[in-house]
Amino acid sequence: MQLNFLARWRAARDASHQLDLLLAQADASAPLAARNEWLMELGYWLRKPVPASSESATAFAEHTRLRLLLQVLDRNSEQAKRFAACLRSILRDNDARSLFADTGMAARPGLAGELVARLQTKVLPVAPNRAELADVFALLFISEHDAEWVAALDEGLIARLAQILDGDDDHAPVLSTLGAALSDSIALLSSQIAAAALEAPTRMRLDSPQESTRVLMQLPRLAHELIHSESGSEQRLQLLNQLRAALERARTAVNSVYDHLERFGVSVDVVFQVERTRLRIERVEQLLAVWTGQGGLTAHTALVAQLITANQQRSSVRALLGETYQLLGRKVVERSAETGEHYIARTRRDYFGMWRMAAGGGLLTAGTVYLKFFIAALHLNKFVEGVLFSLDYVGSFLAIHFAHFTLATKQPAMTAPALAQKLDDVTRPEGRAAFVDETIALIRSQMAAISGNLAIVFPVALGAQLLVLHTFGGNLLSKEKAEATIASFSLLGPTPIYAAFTGVLLWLSSLTAGWADNWFALHRLHDALAYQRRLKWVFGAVRAQAIADFAKKHVAGVAANVSLGLMLGLVPTVLAFIGIPLDVRHVTLSTGSVAASVGVLGFDTMLTAPFWWAVGGIASMGVLNLAVSFALAFSMALRSHGLKPGMRRLLQGLVLRRLLQHPLQAILPPKA
């Protein structure tokens, strides 16, 4: 107990000594940079932890040190005068408009420019010699914890601080300067709200554009008339009510942009502008509460706390990307979910239909395998070879798409968002039961698809090689290539890593599909094609409409297949060029390659250890191709729905219980 008392006594003594040094350095006549640095050091002193005691155990350390500061100033009037004069000079000589109007607001009109600005803010230090109160603010408050202790200040402590600031005759010019900056910021933000919301990309997406435009154009006028009205007059009260009503209508108008984006596609730049406009509306309302004095002293601390939080978020690159891409991510998930619905077999008819589609995909994939072997046999430049591989994949995937066949590995990235759509009702028991049923149906569909792919690709690829061997007496690939192919798929090698990497590419292709569908809808290309004069003149109105419908139906599928083919062929080549030895391992293509190799080497190969290690490798490909792409897509869908971790664990437990109790439901088709 005595040691604790001595430790607290030494800490209190050191704190008082440091405070005495800080108060001795307070000089209102010093250069502005020196005064700003002095305030920054005072902030560091406030944030230092204090020893735990019965009096301060539940309080913020900053509150304890602030009370110590006030006690010292109360005992020494000369120090109090120097302290107040120095603080007032900082407030007077730094422009507060940047603090009120710009803090926490995006400085650049576009996402790319703002991203660069935030990276610079994180890397480059703030200079204390600029006469901007926003810079001083950033130096004084350096974490979101500062917002917590400022917001928790009681009115008594705030009043004592205000009393010290008002302790001299020269405080009136300071208050007048801050008041002018506050009113100017209200007018400035009102003009910015109107200007940003009335730019063409945003204005065209407003609900009732003409009415919304009139409301937004009123904001600068009302703000100007309000700040120039007589204090306490009836006119000021009327203008204040009119401005607040106009701000509320402006918020409603700006929020209506999201409804348009939901229907017609998301633009990242429009989302960015809308979010910036909404923040400005909130800032004007906060400034009005302080400017009118209706919120009392706590309105001032609430504003300061909000400015601290906004300033910290302003420097966060992650927050910028998260806020801006949240709606786009949800839209991509929704677009993928619409496609994924077609890949879930809920009935026996759907199950066998899925198997037939997968069988067709396996049939065409056998041709892809042999064309790839032919390209490899040419021994071309690696980049040229990668381009030809890409064209082989793209042609095959597009043929599968337009023939209405399917590949099992492409489904998880689409079906995961469709499954996530069932999360909206999981708070109710019947909603959770529906989610479990959908999950089992998805697993069953995936089993049908992968079995259909592999059941056809293996015998077709093997039969093609045997047919050529017995007809022409030759092989479609050399024995050396066949042996190397089987060895390359061994479970003992890097095959699982390559398979997981392929799962990532499969997921990226689904994102590309969602983005392309969103882009097509955003730019109203369906209507543009349907009404395109040249198309109507050449093909006629009916066929032009059919072309537009065809493009709308297939834009996502074409984008997914083209992007996947290009990535499977070119990404390994590009990575190898920069020294990253990653390859792709696609389960259906690999199964066909092994079948062709068996046809060359003979059926005795199936009795050897390398063959069965390759079988194990193919099994790992099937699991990892599907699991990785599904996990990434499902995780993105979950984030877009904001599901809590506890509910996720509950749903996982319910699905696992169903699988243990009725395992055949995940394999066999449902009963008619």
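Figure 1. A448 sits in helix α20, where helices (H or I, at least four residues) and strands (E, at least two) are DSSP runs numbered from the N terminus. The model is predicted: local features need pLDDT of at least 70, side-chain atom pairs count only at pLDDT 80 or more, and totals for chains, interfaces and linings use all residues. Residues are numbered from 1 along each chain as its sequence is written, and side-chain values use heavy atoms, with hydrogens and water left out. A448 counts as buried because its relative accessibility is 0%; buried means under 20% relative accessible area, exposed over 50%, and partly exposed in between (1.4 Å probe, protein chains only). Leaving aside neighbours within four places in sequence, A448 is in contact (heavy atoms within 4.5 Å) with Y351, M354, W355 and A358. The C-alpha atoms of A448 and A408 are separated by 8.5 Å, and these residues are 40 apart along the chain.

**Figure 2. Q465 in helix α20.** Q465 belongs to helix α20, residues 429-472. With a relative accessible area of 0%, Q465 is buried. A polar atom of the Q465 side chain lies 3.0 Å from the backbone nitrogen of L476. This is a polar contact, that is, a pair of N or O atoms within 3.5 Å; within protein, one must be able to donate a hydrogen and the other to accept it, and residues adjacent in sequence count only if both atoms are side-chain atoms. Not counting residues up to four places away in sequence, Q465 touches Y370, G474, N475, L476, L477, A596, G599 and V600.

**Figure 3. P669 in the segment after α28.** P669 is found in the segment that follows α28 (645-661). Its relative accessible area is 17%, so P669 is buried. Beyond residues up to four places away in sequence, P669 touches R348, Y351, F352 and R444. P669 and F352 are 317 residues apart along the chain, yet their C-alpha atoms are separated by 7.9 Å.

**Figure 4. Helix α4 and its start.** Helix α4 (residues 77-93) has 17 residues, which at 1.5 Å a residue should span 24 Å; its end C-alpha atoms are 24 Å apart, in agreement. The expected span is 1.5 Å times one less than the number of residues. At the start of α4, a side-chain oxygen of N76 comes to within 3.1 Å of the backbone nitrogen of E78. The buried residues of α4 include F83, C86, L87, R88 and I90.

Figure 5. H379 is in the loop between α17 (348-377) and α18 (382-402). Its phi is near 55 degrees, a positive value in a residue other than glycine. H379 is exposed, as its relative accessible area is 70%. H404 lies in the loop between α18 and α19 (412-420), and its phi, near 65 degrees, is likewise positive in a residue other than glycine.

**Figure 6. Lining of the largest pocket.** Among the 42 residues that line the largest pocket, L91, L165, L178, H300 and V304 lie nearest its centre. On a 1 Å grid over the protein atoms alone, a pocket is an open set of points where a 1.4 Å probe fits, with protein on both sides within 12 Å along at least five of seven lines; lining residues have an atom within 4 Å of a point.
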